[in-house]
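Please look over the sequence and the structure below.

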Amino acid sequence: MPFAIYDSAILKERSMYSSFRCKRFVGFIVLLAAASIAPSAFGAGRMPPLRRYRDLKVYTTSAPDKTRPGRILARTQFVNEGPRSLKLSARLNACRPIGFAGAGFARTVAPGKSVIWQWRFTAPTALKRQILTGSTSVNGRVERDLYIAVQGRDPVDMRADGLEKITEAGRVVATYAPRALSSIEAELAWRKANRPIPALMLASAGKTDYTIILESEPASKDEVIGDLQRVVKLQSGAEMPVKTKAEGPAIILRKADLGAAAKGLYDAYRLRTEGRNVIIESPTPLGLRNGIYGLLTDHLGCHWFQPNALGEEVPIPKDKTVRLPKLNEAHGSVWSSCSGVSWGRSPLWDARNRAVVNYGRMSFGHCWEGHIHPGIYPFDKFPEYYARDGKGNIRWKASSNFCSTNPDVIEIVAKNINNHFKSDPNAIVASLDPNDYSPMCLCDRCLALDKKYGQTREDGMQAADRLLHFSKEIHDRLEPQFKDKYLGILVYGLQIELPKTAKPHPRHAGIICDMMWVYDHSRPWNDPTSSLNHHFYELVKGWGKLLPQFGYYDYFGQVSYLGPWSMVHKMREDIPAFRDLGGTFLMLENQPLFITQGLNHYISGRLVWDVNVDVDLALEEFFREYYGPAAKEMREYWLMAERFYALERPSSNWYPRAGIRHEFWTELAGCLARAEKSVADLPASQKRFADRVKMVSDAFAYAQCRFEHDAKYGWIAQSLNRLIDHGAGIAYLRKHRIALEEPQKKYSGDDGYWPPLAPVYSVIDVDAAIKQHENPAPAGMPNYKAAEMPGYSDAETFTEMRKTMTEIFDFPKTGWKFAIDHRNKGISGKWYATGFNDSKWRSIQIAKFWEEQGVDYNGAAWYRKHFTAPAIEPGKKVFVVVGAADDWAKVWLNDQYLGEQNLPIGVGAGTPFALDVTKVIRPGKANLLAVRVDDPGALGGLWKSIKLMVK
């Protein structure tokens, strides 16, 4: 890695971007000054606002001291990217294990400049890892805590696993400089002393003169108006009715053009007072909804920190009076679209936090198989449609891309895209993204196109130019009424590198993905101490200059790891930096592990709505209001987890690394034990605080147990190529069965009170995991055959069913119709209906995985089968019995929805289930069975027999 972190050219470039952003968003900043960039508390002579983590950066690198063996020369660099000089001082405490006596530093840093503090330490032979602690002050007041991680030489035979090997005696591997609590408390004290004076009284002691007048209705009207009424009643005891005509003071929802006040903002609203009236104005229903939640959150103090009832915190005034100051403010999101903050798990929570923008309509992904599928265009009849190698052979039939220069393919895709926009008038984008990491075509025509754009590689591994060309070809063929729509291709995989010479057309959109298996999630991607992230940073800058609509995709909820996954230090810099570099929308993958990773969800949601939000104050709000008497201990818990991750050494695929450290679990467990003690004797009125701590503690214990299994006997061990003792794995699961099953029962259901533990596809099924240890899977999962799987036979599958039911019909294995549903249109499109035309669907067999039949796909797909039902003895109940659906299924018969199998992942995949069809089946006549199967990963499909049975 470079020893000199930033040179003057880079600083000048970054300063230029900062200047560009200031000019572009000055109107927005003025509007949000009170909420987003309120003055910071630095003492009597208050300096202009410091935008922490955007104006002041702190980085450290190191190198061997050539004059003395074993001594390491470290350089901590302070970078001032803000518009004012900063008088800095820093201090590092002594650390005896590395022979460091402590050191101090002081310097004034001019705007756009940096200074370097040089210090030394001696690395002992057995150095493993040490954390140096200290602080940084600005203008004489402590502003940041300071942590610097030092690590010793790696063993010669150590596997890299995405790490840069340390060959010197010691190296500084990470710097973390979070805001000091004293600075946060000074900020809060200043805000409290300068809060606006109340001017209106909405309600008091069970009475109100106010009504709610809907001149225009907000989105989700019943929920949002219900929340407004409920909060007023909780805070004052008063019922605030909804009326069509004002007979006194009112909260008025009004459709209105916001003009210059909302320029550059989306789903915006204006909130103002006029006499005694409170007026919420917006041109859109979403804006009106946001206005109500803006009133509730920003002025009445309500927060929805987590989903469901336990996540809500509504402050109750001591005098039961609801007051407001005079208001005249406009707010909106700078993002043109956002989705994924709860990954679809909690739409109401998203809405309450204003974390979904423009219905998340600017979203797209892998789709080529949906346009040219071998079920419709068989390989043997249309080989020229598919990606081929230099000899003309189709590349990777399991999930082949198509040939994007084939004239017929271009016309087919163009027709599909036009039909997409016709069928969905609200759509603003259609996807043209290739299949996930599938190889590109190497035919002469495709390679010639590459060369035309200056791409000399002939392996298809850098495909950005040809994909931009393809997007232009499709846009040229859009019908006139769709020319203003966007065509989207991910900036990802084989097309993430910048194009050589191709330029996007004006309606092309791209989403750059911070792929955790390639880049470094231990720190923000604008941190230059990670070489992996330096490359990604250059890609963001380059694509930001090219794309008219530029999106960002990241993972702030980690589905593969259920423990604390603390990403606030990363997202707080990445999301604003992305906006600074030309980003226009977000598409996040926050897997819904709210109990263990919920702080990520809350803070990312706040940044969606307000990219300039003071994250430190948002964090303190979370700790104090959500945990109440346990705020101190839970602050320690969350920030300790954050610190563990921020001080990991640079690497890709790093999310299990903190968990591998024993001290990670023991120290966090200590925090939780102290938190539980602090809420042990609360009165009933404060039970929610104890529940919130207990919830985190339960989930933490579950995650630790699960992680220990995975690290010793599961996927983490496999990823490290460790020899697995399957017998010990079985013993571990049996010993810890209760610890692994009870939290799932308590928190995985949706009872309206507890936030969810994890999505069903993330939690472990103990019995299924034991079976996997008993029959360890060979390598090459796509080569699995259903008939070779344990428990495949009808005798094993239907043994229990046959004890109470009699088989009357065995569905044929062949002759089923099949289609993938990657856009999730099947239910709304009534693919289950008897009148639906499935003539273009491919044929498929049941009792086989779909991967066995050339469908290498994860997601939703449909099976349809017309059949003649046998005669049924009067008085008998009839059931359709599905032998197994990997992983979940919904079933229809003759247009009627029967029910579903939605057991946890690994359980439902091999479990038969029966659905009553007595009132739907047509004996002796034609019937239609339709099954929607959802497979999130690995193998999928209806891989066992299906029967009709009676009892």
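## Packing around helix H23

The buried residues of helix H23 pack against helix H19 (687–713), helix H21 (726–735) and helix H22 (737–747); a contact here means heavy atoms within 4.5 Å. Helices (H or I, at least four residues) and strands (E, at least two) are DSSP runs, numbered from the N terminus. H23 itself covers residues 766–774, and its buried residues are Val766, Ala768, Ala769, Ile770 and His773. Buried means under 20% relative accessible area, exposed over 50%, and partly exposed in between, with a 1.4 Å probe and protein chains only.

## The model and its confidence

This is a predicted model, in which local features need pLDDT of at least 70 and side-chain atom pairs count only at pLDDT 80 or more, while totals for chains, interfaces and linings use all residues. Residues are numbered from 1 along each chain as its sequence is written, and side-chain values use heavy atoms, with hydrogens and water left out.

The pLDDT is the predictor's confidence in each residue, from 0 to 100. Its average over the protein chain is 89, and 91% of the residues score at least 70. Over residues 1–48 the pLDDT stays under 50, and the model has 95 contacts beyond four places in sequence for this stretch. The pLDDT is also below 50 over residues 778–782, a stretch with 3 contacts in the model beyond near neighbours in sequence.

## A parallel sheet and its helices

Two strands pair if DSSP finds at least two bridges between them. Six strands in the order E19-E24-E23-E22-E21-E20 form an open sheet with parallel pairing. Its edge strands, E19 (338–339) and E20 (429–431), each pair on one side only. E20 is joined to strand E21 (residues 486–491) by 3 bridges, and the two run parallel. Within this pair, serine 431 is opposite glycine 488 of E21.

Helix H13 (residues 568–580) lies across strand E22 (508–513), strand E23 (549–553) and strand E24 (585–587), and runs at about 170 degrees to E23. Axes are lines fitted to C-alpha atoms, for helices over the stretch in contact, and angles run from 0 to 180 degrees between N-to-C directions.

## Antiparallel strands

Another open sheet of 6 strands has the order E27-E26-E28-E33-E30-E31, with antiparallel pairing. Strand E27 (842–844) and strand E31 (896–901) are at the edges; each has a single partner strand, so one side of each has no neighbour in the sheet. From one strand to the next, the twist averages 25 degrees. Strand E26 (residues 816–820) pairs with strand E28 (residues 859–868) over 4 bridges in the antiparallel sense, and alanine 819 stands opposite tryptophan 862 in E28.

Strand E6 (residues 129–138) pairs in the antiparallel sense with strand E3 (residues 86–92) over 5 bridges. E6 is also joined to strand E7 (residues 141–152) by 10 bridges, again antiparallel. The hairpin of E6 and E7 has 2 residues between the strands, and asparagine 139 there takes a positive phi near 55 degrees.

## Nonpolar cores

A nonpolar core is a set of buried Ala, Val, Leu, Ile, Met, Phe, Trp, Tyr and Cys residues joined through side-chain atoms within 4.5 Å. The largest one has 148 residues, and those with the most contacts inside it are Ile251, Ile512, Ile603 and Met634. H19 gives the most to this core, with 12 residues. A second, separate core of 34 residues includes Trp816, Phe818, Val878 and Leu915.

## Cysteines

How many disulfides does a search of the whole structure find? The search finds 0, where a disulfide is a pair of cysteine sulfur atoms within 2.5 Å. For cysteine 513, the nearest cysteine sulfur is that of cysteine 338, 14 Å away. Cysteine 513 counts as buried because its relative accessibility is 4%.

## Backbone geometry

Most residues other than glycine have a negative phi, and most peptide bonds are trans. Aspartate 886 and aspartate 887 are joined by a cis peptide bond, with omega about 10 degrees.

Lysine 830 has a positive phi near 55 degrees and lies in the loop between E26 and E27. With 49% relative accessibility, lysine 830 counts as partly exposed. Alanine 847 has a positive phi near 65 degrees and is in the loop between E27 and E28. Alanine 847 counts as buried, at 6% relative accessibility.
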